[in-house]
Amino acid sequence: MFPLRPLVLLLLPLCPGPGPGPGSEAKVTRSCAETRQVLGARGYSLNLIPPALISGEHLRVCPQEYTCCSSETEQRLIRETEATFRSLVEDSGSFLVHTLAARHRKFDDNPDPGGCPSLCAGPGDWKKCGQRSA
């Protein structure tokens, strides 16, 4: 769960907390300056980030209340998160693949773990290994 911590830290500025109450849409004056600064430092275009809170009713991942997350920003965050997750899975999976490959090679070198390693001269010498002396 710790590898997702940077993502959580990235999304926190998009959640400015409770917005104005119902019926006070005209009073939205909270700024998105902090979010613009954080995402701007990550290479996001400031044109994609609204200067003030907007309604997030149309969003799927970002808060659906008042937020600093636009649809374009949300899509980019989704793509980056998927790429990060895929990279983490590939990195973790590569250990498993290498372990299985090493054990497969070891099995090929000695295919009969039942007790005839002295008869198996090397890889591919399966016929001798299957025969036991009487």
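Visitor: Which residue does a disulfide join to Cys32?

Guide: This is a predicted model, in which local features need pLDDT of at least 70 and side-chain atom pairs count only at pLDDT 80 or more, while totals for chains, interfaces and linings use all residues. Residues are numbered from 1 along each chain as its sequence is written, and side-chain values use heavy atoms, with hydrogens and water left out. A disulfide here is a pair of cysteine sulfur atoms within 2.5 Å, and with an S to S distance of 2.1 Å the partner of Cys32 is Cys68.

Visitor: How many residues apart are Cys32 and Cys68?

Guide: The structure holds two disulfides, and the pair Cys32 and Cys68 links distant parts of the chain.

Visitor: Is the disulfide of Cys62 and Cys69 left-handed or right-handed?

Guide: The sulfur atoms of Cys62 and Cys69 are 2.1 Å apart, and both cysteines are buried, a term that means under 20% relative accessible area, with exposed over 50% and partly exposed in between (1.4 Å probe, protein chains only). For Cys32 and Cys68 the torsion about the S-S bond is about -90°, so that disulfide is left-handed. For Cys62 and Cys69 the torsion is about 50°, so the disulfide is right-handed.

Visitor: Which residues form the largest nonpolar core?

Guide: A nonpolar core is a set of buried Ala, Val, Leu, Ile, Met, Phe, Trp, Tyr and Cys residues joined through side-chain atoms within 4.5 Å. The largest such core has seven residues, and these are Leu39, Tyr44, Ile49, Leu59, Cys62, Cys69 and Leu77.

Visitor: Which residue lies over the face of Tyr44?

Guide: Leaving aside neighbours within four places in sequence, Tyr44 is in contact (heavy atoms within 4.5 Å) with Leu39, Ile49, Thr73, Arg76, Leu77 and Glu80. A charge sits over a ring if NZ of Lys or CZ of Arg is within 6 Å of the ring centre and within 35 degrees of the ring normal. At 4.0 Å from the ring centre of Tyr44, the residue over its face is Arg76.

Visitor: What pattern does the protein chain follow along the sequence?

Guide: There are four helices and two strands in the protein chain, and buried residues make up 24% of its 134 residues. Read along the sequence, the pattern is α-α-β-β-α-α.
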